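Please open the structure in the viewer and follow the selections below in order.

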Amino acid sequence: MKTCSKCKVQKDPSGFSKKAALKDGLQAQCKACNAEYFQENREARVAYQVGYAKANHEAVAAKHAKWYQENREAAAAKRVEYYQENRESVAAKKAEWYQENRESVLAKNGEYQKANPDKCRAISAKRRAAKLQRTPAWVDLEAIEAVYAEARRLEVLDGIPRHVDHIIPLQGTTVSGFHVASNLQILTAQENLSKSNRFELTN
């Protein structure tokens, strides 16, 4: 057990944040007292953190990079878990951000394509080849065209760019899908560009 230096209550060590510089490796104040202090001094603390980050940009970036390398798998798992639990709110937030930054995003994409024409052509060629390889002889082309037509209709209706995406990626690392209507879904451009090319198997 450990006694908080502020509230003087004995608590389990799990109730304290870590601090390697101290003898027991834990902060003197418990998490609850730290949270209370932060709320009471939120603006001043945020201003201090922002100022510190600007003044020590390289050191902070190096520290974050080191932490990420040491905790890469855990961080990735946490991001996936958060996305699964908050899929709708995340999608709505990304769509809102895209609408607010649409022109700059399109300009940036155009600049990248101009600066890397060969790379962009190579990626497009690879994807076209993969689509041909994953298109079965029995495919219903009219059904596929209907999905693309619906995407265009939605885009004209609300002005939000739409992409037709493969639910199971054509070039997935775990499993690859077919280019058929049942494997297609309509996403906003921002939703599609923000997700990775992966398919997660569920029980």
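In this predicted model, begin by selecting helix α5 (residues 87-100) and helix α6 (residues 102-115), whose axes come within 4 Å and cross at roughly 80°. An angle of 65 to 115 degrees counts as roughly perpendicular, and α5 and α6 are therefore roughly perpendicular to each other. To display their contact, show W97, Y98, Q99 and E100 on α5 together with R102, V105 and L106 on α6. By class, the residues of this contact comprise four nonpolar, one polar and two charged.

Next, select C30, in the loop between β2 (10-11) and α1 (31-40). Is C30 buried or exposed? With a relative accessible area of 0%, C30 is buried. Beyond its neighbours within four places in sequence, C30 is in contact with C4, C7, K11, G15 and F16. A C-alpha to C-alpha distance drawn from C30 to K6 reads 8.0 Å, across a sequence separation of 24 residues. From F16, turn to K2, which lies over the face of the F16 ring at 5.5 Å from the ring centre.

Now consider the aromatic pairs, of which the whole structure contains two. One of them joins W138 and F178 in an edge-to-face arrangement, 6.3 Å centre to centre with 70° between the planes. W138 belongs to the loop between α7 (117-133) and α8 (141-158), and F178 to the loop between β3 (162-166) and β4 (184-188), so the pair ties together parts 40 residues apart in sequence. W138 is exposed, at 63% relative accessible area, whereas F178 is partly exposed, at 37%.

Key: Residues are numbered from 1 along each chain as its sequence is written. This is a predicted model: local features need pLDDT of at least 70, side-chain atom pairs count only at pLDDT 80 or more; totals for chains, interfaces and linings use all residues. Side-chain values use heavy atoms; hydrogens and water are left out. Axes are lines fitted to C-alpha atoms, for helices over the stretch in contact, and angles run from 0 to 180 degrees between N-to-C directions. Helices (H or I, at least four residues) and strands (E, at least two) are DSSP runs, numbered from the N terminus. Angles under 35 degrees count as roughly parallel, over 145 as roughly antiparallel, 65 to 115 as roughly perpendicular and the rest as oblique. Contact means heavy atoms within 4.5 Å. Ala, Val, Leu, Ile, Met, Phe, Trp, Tyr, Cys and Pro count as nonpolar, Asp, Glu, Lys and Arg as charged, and the others, Gly among them, as polar. Buried means under 20% relative accessible area, exposed over 50%, partly exposed in between (1.4 Å probe, protein chains only). Rings of Phe, Tyr and Trp (its six-membered ring) pair if their centres lie within 6.5 Å; planes under 30 degrees apart count as stacked, over 60 as edge-to-face and the rest as tilted. A charge sits over a ring if NZ of Lys or CZ of Arg is within 6 Å of the ring centre and within 35 degrees of the ring normal.
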